[in-house]
Amino acid sequence: MKPILKLYRGYANEQELIVFGHVFKPNTANDYEFEKRRFKNARSIIRMFMVSTIPNADVYLEHNGQVIHTKALADGYFKFCIPLKHEIGHGWTDYYVSIYHNGEEIREKGSYIRPFKGDLGFISDIDDTFLVSHTRNFFKKLYILLWKNVNDRRLFEGVVPHYQALSTAGRNNKEERNAFFYVSSSEWNLYSFIVKFTKIHELPRAVMLLKDIKTSLADFLVTGRGNHNHKFDKIKHILEFYPHLKYTLLGDDSQHDPYLYENICKIFPQTVIAVYIRQTGHSKKPKAVTALQNIESLNIAVCYFKESNEAIEHSRKIGIVS
């Protein structure tokens with residue numbers, strides 16, 4: 001049986017290319033049946049968290065006529081950070097990575113983006129920001145994750161026109177899009193599900209930066225929970241990787257987004273221009289209100305909203321979208 005090579009969307013600037021993925025043992029990371037119903041869907045979701053990775057696997061990236069070798073980390077994750085000596089194009093570009101098994105090459109195609117020239121970037125959370133997940137209710141969250149397939153999962157009304165407007169904001173060329181990133185405490189196990197969901201609903205194609213892979217049923221029961229420091233680190237990295245962009249951060253008040261975004265804004269007061277927080281409960285959270293007041297005192301626009309049409313109107317008001 002052949003090992004499985006999984007590639008994720010990468011990204012590049014003028015100086016560096018970053019691509020990454022996982023190497024899995026056979027039969028543990030095949031394509032999942034996200035469109036099955038009830039028990040079959042639940043089985044597919046659980047199987048996503050019962051994967052086995054291959055540590056220290058040899059991995060080869062093809063780039064600019066070269067083959068670059070690295071090895072996977074202890075959890076099967078690999079990452080190439082490659083200095084660029086030659087100009088690369090803007091937009092999405094394919095890349096190829098290979099592993100070998102018994103002398104046979106296993107080659108997969110991924111894609112990476114170098115954002116089109118412009119000055120806007122967008123970073124969004126996933127759960128309860130655009131995907132209805134009920135993060136605050138453990139049992140409801142688990143029920144929806146297991147029993148609702150990718151076609152049955154809901155997103156908040158008005159999210160799609162808002163995100164599509166942000167994606168094309170300030171663009172005269174209809175083929176060009178602004179840089180979009182989805183940064184979440186969901187694990188890499190859910191990557192394929194999220195890709196499929198965002199495609200179905202025509203949300204902007206984005207680089208995804210998720211949490212470390214989980215490999216047990218016990219891990220599945222705490223999916224999306226625990227420490228959120230990785231989100232802070234990944235958002236900080238994006239802002240440093242593309243320092244010329246002006247960022248809008250989109251999240252919700254179900255967990256830590258208001259406070260995480262407050263800290264980001266305090267470090268990058270000239271880089272972040274707007275923060276959007278979705279209200280997930282019946283009323284606004286006083287601590288979230290305080291965090292957003294702190295952000296607003298830095299002359300950064302904030303919008304604490306219940307319905308997406310409020311966010312759309314706010315984006316028009318401050319001139320991000322026309």
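This is a predicted model: local features need pLDDT of at least 70, side-chain atom pairs count only at pLDDT 80 or more; totals for chains, interfaces and linings use all residues.
# Sheet, helices and loops

Student: Quick one to start: in E11, which residue is the bridge partner of Glu187?

Tutor: The bridge partner of Glu187 in E11 is Lys211. Residues are numbered from 1 along each chain as its sequence is written, and side-chain values use heavy atoms, with hydrogens and water left out.

Student: OK, and how many bridges join E10 and E11?

Tutor: Strand E10 (residues 179-187) pairs with E11 over four bridges, in the parallel sense; two strands are taken to pair if DSSP finds at least two bridges between them.

Student: What's the strand order of the whole sheet?

Tutor: The order is E11-E10-E9-E12-E13-E14, an open sheet of six strands with parallel pairing. Its edge strands, each pairing on one side only, are E11 (207-211) and E14 (301-305), and the twist from one strand to the next averages 15°. Angles here run from 0 to 180 degrees between N-to-C directions, and axes are lines fitted to C-alpha atoms, for helices over the stretch in contact.

Student: Is E12 mostly enclosed or open, and why?

Tutor: E12 is largely enclosed by the rest of the structure, because six of its seven residues are buried, where buried means under 20% relative accessible area, exposed means over 50% and partly exposed lies in between (1.4 Å probe, protein chains only). E12 pairs with E9 over five bridges in the parallel sense, with Leu120 standing opposite Lys246 of E12, and it pairs with E13 over six bridges, again in the parallel sense, with Thr248 standing opposite Ala274 of E13.

Student: Which strands does H3 lie across?

Tutor: Helix H3 (residues 159-168) lies across E9 (120-124), E10, E12 (246-252) and E13 (272-278), running at about 135° to E10. Contact, in this and later answers, means heavy atoms within 4.5 Å.

Student: And how does H3 pack with H9?

Tutor: H3 and helix H9 (residues 308-317) pack at an angle of about 25°, with their axes 9 Å apart. That makes H3 roughly parallel to H9, given that angles under 35 degrees count as roughly parallel, over 145 as roughly antiparallel, 65 to 115 as roughly perpendicular and the rest as oblique.

Student: Switching to H7 and H8: at what angle do their axes cross?

Tutor: The axes of H7 (residues 257-267) and H8 (residues 286-296) cross at roughly 15° and come within 9 Å. That makes H7 roughly parallel to H8. The contact has seven nonpolar, one polar and two charged residues, and H8 also lies across E13 and E14, running at about 160° to E14.

Student: Loops now: where is Glu202, and what is its phi near?

Tutor: Glu202 is found in the loop between H4 and E11, with phi near 55°, a positive value in a residue other than glycine, and it counts as exposed at 56% relative accessibility. Asn299, in the loop between H8 and E14, has phi near 65°, which is positive in a residue other than glycine, and at 75% relative accessibility Asn299 counts as exposed.

Student: Last one: is Thr198 buried or exposed?

Tutor: Thr198, in helix H4 (residues 191-200), is buried, with a relative accessible area of 3%. Not counting residues up to four places away in sequence, Thr198 touches Phe130, Tyr182, Leu203 and Met208.

Notes
Helices (H or I, at least four residues) and strands (E, at least two) are DSSP runs, numbered from the N terminus. Ala, Val, Leu, Ile, Met, Phe, Trp, Tyr, Cys and Pro count as nonpolar, Asp, Glu, Lys and Arg as charged, and the others, Gly among them, as polar.
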